[in-house]
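Here's a quick briefing to read with the model open beside you. Keep the viewer handy and click along as you go.

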Number of protein chains: 2
Amino acid sequence: MIDVALLGTGGTIPFPDRFLASSLIRYNGQLILIDCGEGTQVSIRKLAWGIRNISVVCLTHFHADHTSGLPGFLLTVGQSGRDRHEPLTILGPRGTQRIVDGLRVIAPHLPYPVHILEIDEEMSYPAKTIFQLNDLRISSCHADHEISCLAYRFDLPRLPAFIPEKAKAIGIPVQKWKLLQRGECVEFNGQTIHPEAVLGPPRAGISFGYLTDSRPTKSLERFFTNVDLLISEGTYGDPADQDKAIENKHMTFAEAATLAKNANAKELWLTHFSPALPNPNYFYRQASDIMANSVIGHEHLSKTLIFPE
Amino acid sequence: MIDVALLGTGGTIPFPDRFLASSLIRYNGQLILIDCGEGTQVSIRKLAWGIRNISVVCLTHFHADHTSGLPGFLLTVGQSGRDRHEPLTILGPRGTQRIVDGLRVIAPHLPYPVHILEIDEEMSYPAKTIFQLNDLRISSCHADHEISCLAYRFDLPRLPAFIPEKAKAIGIPVQKWKLLQRGECVEFNGQTIHPEAVLGPPRAGISFGYLTDSRPTKSLERFFTNVDLLISEGTYGDPADQDKAIENKHMTFAEAATLAKNANAKELWLTHFSPALPNPNYFYRQASDIMANSVIGHEHLSKTLIFPE
């Protein structure tokens, strides 16, 4: 089970009624923050999932609307009680250390360690796990923006079902079932029993992706294949802004919907709206005509992703 | 005439219903910002005095709650149309250049020049003008905080009244009156006429002060002598927090009120409330019992200061 929430949906400039685009993920008591613009910590407070347990921050890129809240955020995490035994890891493109060092000129002292993981080209697409939080796997893919930019994908795999009948048939004692269930081998009657012997077929896990700021690319389509939820920028709603989208390396609603559809995503949330787009709902059909299960993002839009039955 | 507004009244952490302490000053079409924490640009937008014409930023000190909004603010000023002919000056304690350089790692390109003026000890108390915006004079005094910190005072002097009867008595032609009115000398009948000859006695101007974060000091009392308005931190309302105020180098309401009274300030606005003080009005009498004309600051509390009749 993973909870996902939008903390804001704005691009470029924070507004009184629109926080900058970022997202909070809750999994197994831990929290993951994606991007941290000016005011993100205020939205985190309003959402009330807590701030102390944010152990990972994923930065998509270094534009100020995605990073300017970092120093205040890091200080507030410290004031919330996070201590020297609880490192916080910041993932981001190459150069993250320099950016964080610069911003921390006003937050030099924190009561917990900050680890930086810069994600190189070779760590990126084709997707392999760049960071793992318990069973939740984070992978990344290079996006296509003005500056180096990363898309993120989160996968929570699901073990195959345990078939008690099979275990009984082999005669494995009940106290060994748990290990097999977890996918480990057990010794029994001088034999090594592999979990496959008592488990059912592979089962789909939970996955979702986060993409901003970017043009659509084929790599991104492959990267997001079959996600349950894609949170994607849709900076422009009006198709008349197509040229702007190309020039400024962003997407229209229609482009984001096409990307989601081609990736076979189950659901699309649009976010990162231009300051010139006060009412993104007006252009909803630009997305929904292509990808029926599209949602115009709003502050604290949230969802619990669960394993399918 | 000067307009003064509070943009926020919070210390340490920005909250959904409380912006961080900062202030905006409007004078002669230009704007001066004091401090720029996370979210300050959002409050500026709500206030609607404009952002493009902010030509001076006064930083009191480098703690994040007073500076973390700088990179986003500087970018938004650029997006509002400020250009290469319109420099923006940032005043602050020694070290301001290093702090601004660090924060600008995410705002390296701006369409207008940023000038930094670091204020040394010798430029500070006893007050002399460190910066002048038309006739408005800015001076500073060192405050007493954990790190180097400046209090600011703003003075708009008023010329003495022009006495037409005196000018007529000397026989000065009307077309020369304006120069004398402005305080300049004129030549007439081979004589130099000094403005004192046609002007009345000195007249009080407008003045106000801004102080945060600090303990009260005698220097500050002198620095703020006779201001029309003192905006001062009152981090703690409850007198039971006196020890905390001393330890953390802040003030209680009673201390701020005593400072204002001893400085002979006409009015006191309290600001920079601790996150642990959700309802500062509860402790209002801690201030008003000492300084009757005390006001508990709130978002967008504002006032137009005018020359007295």
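Predicted model: local features only at pLDDT ≥ 70, side-chain atom pairs only at ≥ 80, totals over all residues.

Residues are numbered from 1 along each chain as its sequence is written, with chains lettered from A and ligands numbered from 1 in the order in which they are written.

**How the two chains sit together**

- In all, 27 residues of chain B are in contact with 27 residues of chain A, contact being C-beta atoms, placed from the backbone, within 7 Å.
- Helices H1 (40-47), H2 (64-67), H3 (70-79) and H4 (96-103) of chain B each put at least two residues into the side that touches chain A. H3(B) gives the most, with 5 residues.
- That side of chain B has 14 nonpolar, 9 polar and 4 charged residues. Here Ala, Val, Leu, Ile, Met, Phe, Trp, Tyr, Cys and Pro count as nonpolar, Asp, Glu, Lys and Arg as charged, and the others, Gly among them, as polar.

**Nonpolar cores**

- The largest nonpolar core has 160 residues, and A:Leu230, A:Leu268, B:Leu230 and B:Leu268 have the most contacts inside it. A core is a set of buried Ala, Val, Leu, Ile, Met, Phe, Trp, Tyr and Cys residues joined through C-beta atoms within 7 Å.
- Another core, of 6 residues, lies apart from it and includes B:Ala167, B:Leu180, B:Val186 and B:Val198.
- Leaving out residues up to four places away in sequence, B:Leu268 touches several residues, among them B:Leu230, B:Ala256, B:Ala257 and B:Ala260.

**Helix H9 of chain B**

- H9(B), residues 253-262, has 7 of its 10 residues buried. Buried means 20 or more other C-beta atoms within 10 Å of a residue's own, exposed means 12 or fewer, and partly exposed is in between, with C-beta atoms placed from the backbone.
- The buried set includes B:Phe253, B:Glu255 and B:Leu259.
- Their cover includes helices H7 (218-223), H8 (242-247) and H10 (284-288), plus strands S13 (229-233), S14 (268-271) and S15 (294-296), of chain B.
- After H9(B) comes B:Asn264, with a positive phi near 65°.

**The first strands**

- Helices (H or I, at least four residues) and strands (E, at least two) are DSSP runs numbered from the N terminus, and two strands pair if DSSP finds at least two bridges between them.
- S1(B), residues 2-8, has 5 of its 7 residues buried.
- S1(B) runs antiparallel to S16(B), residues 302-305, over 4 bridges, and B:Ile2 partners B:Leu305 there.
- S1(B) also pairs antiparallel with S2(B), residues 22-27, over 5 bridges, where B:Val4 stands opposite B:Ile25.
- In chain A, S1(A) pairs antiparallel with S2(A) over 5 bridges, and A:Ala5 has A:Leu24 as its bridge partner.

**Domains of chain A**

- Chain A is assigned domain 1 (2-159 + 206-305) and domain 2 (164-196), with bounds from an automatic or database domain assignment.
- Their C-alpha centres lie 42 Å apart.

Technical notes
Contact = placed C-beta atoms within 7 Å.
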